[in-house]
Amino acid sequence: ADIIETNTFSATSIGQSEFFVDDPREHGGRKDPAFYQKVVDDKSLGELAWEINETSAHQCREWADRVANADGKPRFVAGAIGPLTVSLSNSPDADDAGFRVCTFDQVKAAYVQQVRALIAGGSDFLLVETIFDSLNAKAALVAIQEVFDADRIRLPISISAAVGRGGETMISAQTIEAYWNAVKHVKPLSVGLNCSLGPDLMRPFLAELATKSGAFVSCYPNAGLPNPLSPTGFDLKPEDMGRFLGEFAQSGLINIAGGCCGNTPEHIAAIAKALEGRHPRELGAPASGPARSSKSAKLAGSETGAPIAPLPLRLSGSQPFTQQIGQFMMIGERTNVAGSPKFAKLIKENKYDEAVAIARQQVENGANVIDICMDEGMIDGVAAMSRFLQLLGSEPEVAKVPFMVDSSKWEVIEAGLKCLQGKGIVNSISLKGGEDVFREHARKVLKYGAAVVVMAFDENGQAATYAEKIRICERAYRILVDEVGLAPEDIIFDPNILTVATGIEEHNNYAVDFIEATRWIKQNLPHAKVSGGVSN
């Protein structure tokens with residue numbers, strides 16, 4: 001083996017609480033979110049989780065170096081970050097689909113501690129593996145990025161999901177392409193599949209991932225399905241695993257191969273032998289594409305006499321959504337308290353089930369994205385946004401589409417982002433509060449893996465004229481693409497459709513200015529999208 005994983009699959013304070021909290025009732029009981037806050041804050045559980053992670057990484061580091069020094073071939077340590085026994089995507093209460101036993105921040109805090117300990121022990125890269133709850137995995141990825149930023153360190157990140165027979169991550173039902181859209185923002189070293197199915201049943205989903213992923217692709221399946229009569233507890237012998245993984249390599253599907261449950265040292269040896277001389281999968285251009293400046297885009301277009309083909313906006317709920325270039329994207333806004341008096345009334349009266357029915361109706365009627373806004377003086381925006389999104393996440397027919405988290409208050413937007421298992425849209429950010437606040441919000445949007453609507457506002461107010469619209473949009477684009485690193489196709493400009501029927505002469509050109517600003521953005525800010533609120 002070139003890579004050895006740390007034995008830290010469940011080495012978080014939350015994971016270890018299953019074994020080391022004798023009487024959960026002392027903490028409020030396992031169905032009380034306060035229980036997990038006490039678990040995360042528990043010093044002894046934290047020390048235990050740290051010791052397991054650091055010690056395991058140190059042991060792996062020692063043996064990887066020892067073997068590498070013996071034969072001159074480098075070996076690598078993967079710091080393994082596994083799933084939890086609690087879910088952020090599903091409710092444990094059959095009578096309350098919006099209930100969650102723990103919070104995103106609690107899960108993130110447990111992962112932050114694990115990540116730091118794995119790095120301290122000498123891991124070469126971090127592996128978020130056996131993902132069957134996509135939102136839990138997102139909490140792990142946010143935790144990794146926060147540790148990197150706070151500790152000024154960078155390691156490669158690898159990501160691997162467990163899939164069901166339908167090709168979806170188990171609990172959260174996210175499909176392969178939707179999964180890739182939701183994680184590609186961290187620019188992983190590799191993305192792949194492991195555990196769950198045997199290699200034969202995993203192949204079609206691996207083939208799909210190989211065509212979608214802009215990262216290396218990994219595959220380490222179980223040794224077939226469980227079989228209690230088998231000596232290893234699984235059906236496939238070493239030569240079987242070697243044959244399957246060798247064929248995957250021969251077909252150009254993988255860059256990293258290995259084995260999960262039921263694989264013995266003999267299985268790993270057989271896989272290694274089967275891969276000898278095989279050419280790894282060719283790494284294509286990332287789905288998001290490299291960021292291009294407007295200057296380089298113009299030059300590239302002028303060389304051929306044709307404009308650059310725009311990159312589509314790619315989003316996901318449990319299913320992927322790819323914008324069709326040249327066609328409108330339809331955003332349902334009836335789940336917006338400002339857009340539907342009926343919806344606002346239901347939220348105020350705490351009739352969330354009926355409010356969910358409005359979202360379902362919008363999806364059935366063809367909305368590509370659902371816009372959710374709770375900005376109303378009589379509504380607790382953070383609480384309402386969180387509960388409604390958790391309810392929507394438990395509705396398969398609604399959860400399949402991406403969500404747009406819409407608010408003028410950043411704390412409401414961030415609360416919403418913590419409920420999205422896929423890749424949604426933030427609506428919105430602007431330069432109204434200055435560049436520092438703009439950068440801070442944009443970096444958080446990127447950290448959570450969302451696209452973003454950017455309003456044509458700056459410190460001087462709303463852009464009214466064509467000149468103001470293009471100046472503010474270009475300034476925002478340069479910050480987002482060149483400084484923050486946001487993919488340009490994830491930027492959606494709103495250059496402000498202003499009221500044209502006022503009778504005031506200076507307003508007469510508002511509509512034309514919007515249209516011309518849209519044309520300019522398409523020609524000068526490559527891959528950026530445009531949105532307009534025609535209700536005005």
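Tutor: We begin with burial: a residue counts as buried when its relative accessible area is under 20%, and as exposed when it is over 50%, with partly exposed in between. The model shown is a predicted one. In it, D490 has a relative accessibility of 9%, so D490 counts as buried.

Student: Where is D490 placed, and which residues does D490 touch?

Tutor: D490 lies in the loop between α17 (466–484) and β19 (491–494). Leaving aside residues up to four places away in sequence, D490 touches L313, K423, A451 and V452. D490 and H527 are 37 residues apart in sequence, and their C-alpha atoms are 8.2 Å apart in space.

Student: How many residues of helix α15 are buried, and what covers them?

Tutor: Of the 8 residues in α15 (410–417), 7 are buried; W410, I413 and E414 are among them. Their cover includes α13 (381–393), β14 (403–406), β15 (425–429) and α16 (435–448).

Student: How do the axes of α7 and α8 cross?

Tutor: Angles under 35 degrees count as roughly parallel. The axes of α7 (199–212) and α8 (238–250) come within 11 Å and cross at roughly 10 degrees, so α7 is roughly parallel to α8. P199, D200, R203 and L206 of α7 make the contact with M241, F244, E247 and F248 of α8.

Student: Which residues make the nonpolar surface patch?

Tutor: L189, F216 and L283 make this patch, which covers about 220 Å². L189 is in the loop between α6 (176–183) and β7 (190–195); its relative accessibility is 33%, so L189 counts as partly exposed.

Note on methods:
Residues are numbered from 1 along each chain as its sequence is written. This is a predicted model: local features need pLDDT of at least 70, side-chain atom pairs count only at pLDDT 80 or more; totals for chains, interfaces and linings use all residues. Side-chain values use heavy atoms; hydrogens and water are left out. Patches are made of residues with over 30% relative accessible area and no salt bridge: like charges are joined within 9 Å, nonpolar side chains (Val, Leu, Ile, Met, Phe, Trp, Tyr) within 5 Å. Accessible areas come from the Shrake-Rupley method with a 1.4 Å probe; for residues, only the protein chains shown count as cover. A salt bridge is a side-chain nitrogen of Lys or Arg within 4 Å of a carboxyl oxygen of Asp or Glu. Helices (H or I, at least four residues) and strands (E, at least two) are DSSP runs, numbered from the N terminus. Buried means under 20% relative accessible area, exposed over 50%, partly exposed in between (1.4 Å probe, protein chains only). Contact means heavy atoms within 4.5 Å. Axes are lines fitted to C-alpha atoms, for helices over the stretch in contact, and angles run from 0 to 180 degrees between N-to-C directions. Angles under 35 degrees count as roughly parallel, over 145 as roughly antiparallel, 65 to 115 as roughly perpendicular and the rest as oblique.
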